[in-house]
Amino acid sequence: MNKLLLIINEMREEAGLESIESLEATMDLREDLTLDSFMLAELTVRIEDEFNVDIFEDGIVQKIGEIIAKIEGV
Amino acid sequence: MIRFIKLKEEHLEQVLEWRTQEDVTRFMNTDIEKDMDKQREWFRRISNSETDVYWIIEIREKPVGVISLNNIDDVNKRTSWGFYIGEEKYRLYGGIIPPYFYNYIFSTYDFHKITAEVMEGNSNVIKLNLLHGYRMVGVYKDHILKKGLFVDLNLLELLKEDWLKLKKFQKYVCEFEK
């Protein structure tokens, strides 16, 4: 999931936040990664762009693990 | 999961509530009063308009925001538009709602292009628009008088052919009430 980490770090840097070294499935998008609603909106577009995946297909996602599962088609 | 239903009188109170929230109005070109009589008057005006169409955005049957076509220009086959999500919890859908909208309008209406105006400071929306294939046209300097201060207005446009050329987001198709 290096590409996902890269996308998240690009967004964090643009928002003046520090990069993170790795992603854990249990990480909360808002609480742990400090992504606000607008950043999450951008994240969904970037994920669709990169992986051709609609992460909201089954409802709102909150954890990194849910996104990884979508990307990996689990 | 997502659908767009025509704005009706029964939605007006909720729409006024959203439209007067600080987190919604801060990047709006206009600020409105929390006045139901004026809201009904606005609704009558847009209901009779041939150049504006409004829908309520529903996610899993919950109304969450408003999306609209504005200043439809049949002669030049273009339109402007706008949307907002009033329910904070659902704002993260802000990146995928426009693709549903573009797929619908470019296949239903005979538009050659759609234009967007984004207020200074609303960089997230500019970024989203660029990811959706828009090009930046320019900036109107000091174009909007907002709370006593002049602010710039960014102008963007998306040609139908550029949207189709993008070849992305094609699966974002859903029900729009006519």
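1. Helices (H or I, at least four residues) and strands (E, at least two) are DSSP runs, numbered from the N terminus. The model is predicted: local features need pLDDT of at least 70, side-chain atom pairs count only at pLDDT 80 or more, and totals for chains, interfaces and linings use all residues. Residues are numbered from 1 along each chain as its sequence is written, and chains are lettered from A and ligands numbered from 1 in the order in which they are written.

2. Chain B contains six helices and eight strands, arranged along the sequence as β-α-α-α-β-β-β-α-β-α-β-β-α-β. Its radius of gyration, taken over C-alpha atoms, is 16 Å, close to the 16 Å that the globule rule (2.2 Å times the number of residues to the power 0.38) gives for 178 residues, so chain B is as compact as a globular protein of that length. The C-alpha trace of chain B spans about 45 × 40 × 35 Å along its principal axes.

3. In chain B, 28% of the 178 residues count as buried, a residue being buried if 20 or more other C-beta atoms lie within 10 Å of its own, exposed if 12 or fewer, and partly exposed in between, with C-beta atoms placed from the backbone. Of the contacts in chain B with a separation of 6 or more, 57% join residues 24 or more positions apart; two residues are in contact if their C-beta atoms, placed from the backbone, lie within 7 Å.

4. At the interface, 14 residues of chain B are in contact with 11 residues of chain A. The chain B side comprises six nonpolar, three polar and five charged residues. Here Ala, Val, Leu, Ile, Met, Phe, Trp, Tyr, Cys and Pro count as nonpolar, Asp, Glu, Lys and Arg as charged, and the others, Gly among them, as polar.

5. Helix α2(A) packs against α5 (residues 123-131) of chain B at an angle of about 15°, with the axes 10 Å apart. Axes are lines fitted to C-alpha atoms, for helices over the stretch in contact, and angles run from 0 to 180 degrees between N-to-C directions. The two helices are therefore roughly parallel (an angle under 35 degrees). Phe38(A), Ala41(A), Glu42(A), Val45(A) and Asp49(A) of α2(A) meet Asn124(B), Lys127(B), Leu128(B) and Leu131(B) of α5(B).

6. Asn52(A) lies in the loop between α2 (37-51) and α3 (64-71) of chain A, whereas Asp142(B) is in strand β6 (residues 135-146) of chain B. Asn52(A) is exposed, with 12 other C-beta atoms within 10 Å; Asp142(B) is also exposed, with 12 C-beta neighbours inside 10 Å.

How values were computed. Angles under 35 degrees count as roughly parallel, over 145 as roughly antiparallel, 65 to 115 as roughly perpendicular and the rest as oblique.
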